[in-house]
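Reader: I would like to go through this model one feature at a time. Please give the general idea first, then the case at hand.

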Amino acid sequence: DKFQSKFEYELKIMTENSSVIFTGHRPLGYVSNHVPLVTRYITRRKEHLIITVAGKTFHTYGSSKLGLLSVSKIHPTDITAVTADSFLVYVAAGHEIYAWRRGTELQRIYSGHEASVHTMMAFGPKLISVDADSVLKVWDIKDGSEELQLTFSNDKTKVTSLCHPSTYLDKILVGSEQGHLQLWNIKSTKLIYTFEGWGSAVRCMEQAPAIDVIAIGLENGDIFVHNLKFDETVVKFSQDWGAVTCLTFRTDGNPVMISGSSAGHIACWDLEKRKLSHQMRSCHSGPVASVKCLQGEPVMVTNSKDNTLKEWIFDMSDGGGRQLRWREGHSSPPTR
C-alpha cells in the first residue's frame, strides 16, 4: 500500500506539473575538463578544497582523500572560468558570473559582459573578469555593482592572463596575446607601465614568493622570472614540450618553481641553482590545465582535459614527486 500510494503521488506530481524527464542529473565519471582548477583553504575543516569544472557543473573535492564533497547546480551553459576567495566560488558561464557559497547556495549573479568570460581573479573585495572581446570589468563583490570597465583592443592587447603583484596596492598585471604586459592601477584607472615582453604570447603568470618578482610562461616554451620594480629578468628557463600552460611555486621552504606544458609533462626548476631539477613525464594525456602547490605542504594538484585530477607528493629521496591520489574517468568516449 505504501509503495502504491507513493507511486500514485509521484504520478500526480508528474501529470500536474510537466514531465520530469529533463530535470537535472549528475552524470558519473566526469572529473575535470580543460578549465584550470582552483584551491581554497578552509580553516574550519583544516584542509584545502579543490574545485574542478565538468561541463555545466563544478565539483568540490577535499584534498586529504580527494573525496567528492559537493556538486554544484547545473548552469545554463558550459562553464568557461572559475575562481574563488575564502568565502565564495565565482563561476563564469556564458555572459554571466555566478557567486556560490558552499558550492550549492547561489549568492549573486554579476551581469554585464557581452561576450563569454575566459579569465577571472578575486582581488580582495573586488572581482575582476575579462571576456573574449578583451573587456575587463571590476565588480564590487558585496553588492554586485560594476565599478570599472577597461576596454582593450584584441588587435593591440588581447588579454590572456591576469596577476596581482603582491604588496602592489590596487594594481594588476595584464598579459597579452601580443606578448607585452601592462601594469594598471584599477583605482585611478591609469596605465602605470608597459613591459615590452619577449616576442611570444603570454599564457600564464604567477607571483613568486619574493616581492616584486613574477614568473611569466610563454607560448614558445620560455619562462621568465622577472623583477617588475627594475624591469629586469632574474632568470630564464626553457622547456621543449610546447607552450607553458601553468606555473606554481612550492611554499614549503623549497626554492622550486613548477611548470606544466601542452604535451602533458611537468618540469620542476631549482631557483637557487637555476636549472631543471626534475622532469615528470606524461603526467596527463592532454595539456596540463593547472598546477597548484598547496600552501605550506609538499603536495601539488594538477588537472587536465583528459578527465583527471591528480595529487602529487614531493617525498622522493632525490626531491622528486610521485603520484599520491587521483580521480579519473574516460578521457575520450568509450567504444565498447
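Author: The side chain of serine 32 makes a polar contact with the side chain of asparagine 303, at 2.9 Å. A polar contact is a pair of N or O atoms within 3.5 Å; within protein, one must be able to donate a hydrogen and the other to accept it, and residues adjacent in sequence count only if both atoms are side-chain atoms. The model is predicted, so local features need pLDDT of at least 70 and side-chain atom pairs pLDDT 80 or more, while totals for chains, interfaces and linings use all residues. Residues are numbered from 1 along each chain as its sequence is written, and side-chain values use heavy atoms, without hydrogens and water.

Reader: Is serine 32 buried or exposed?

Author: Buried means under 20% relative accessible area, exposed over 50%, partly exposed in between (1.4 Å probe, protein chains only). Serine 32 has 5% and is buried. A polar atom of its side chain also lies 3.4 Å from the backbone oxygen of serine 304.

Reader: Which strand does S5 join?

Author: Strands (E, at least two residues) are DSSP runs, numbered from the N terminus, and two of them pair if DSSP finds at least two bridges between them. S5 (residues 79-84) is joined by 5 bridges to S6 (residues 89-93), and they run antiparallel. Valine 82 has valine 91 in S6 as its bridge partner.

Methods: Helices (H or I, at least four residues) and strands (E, at least two) are DSSP runs, numbered from the N terminus.
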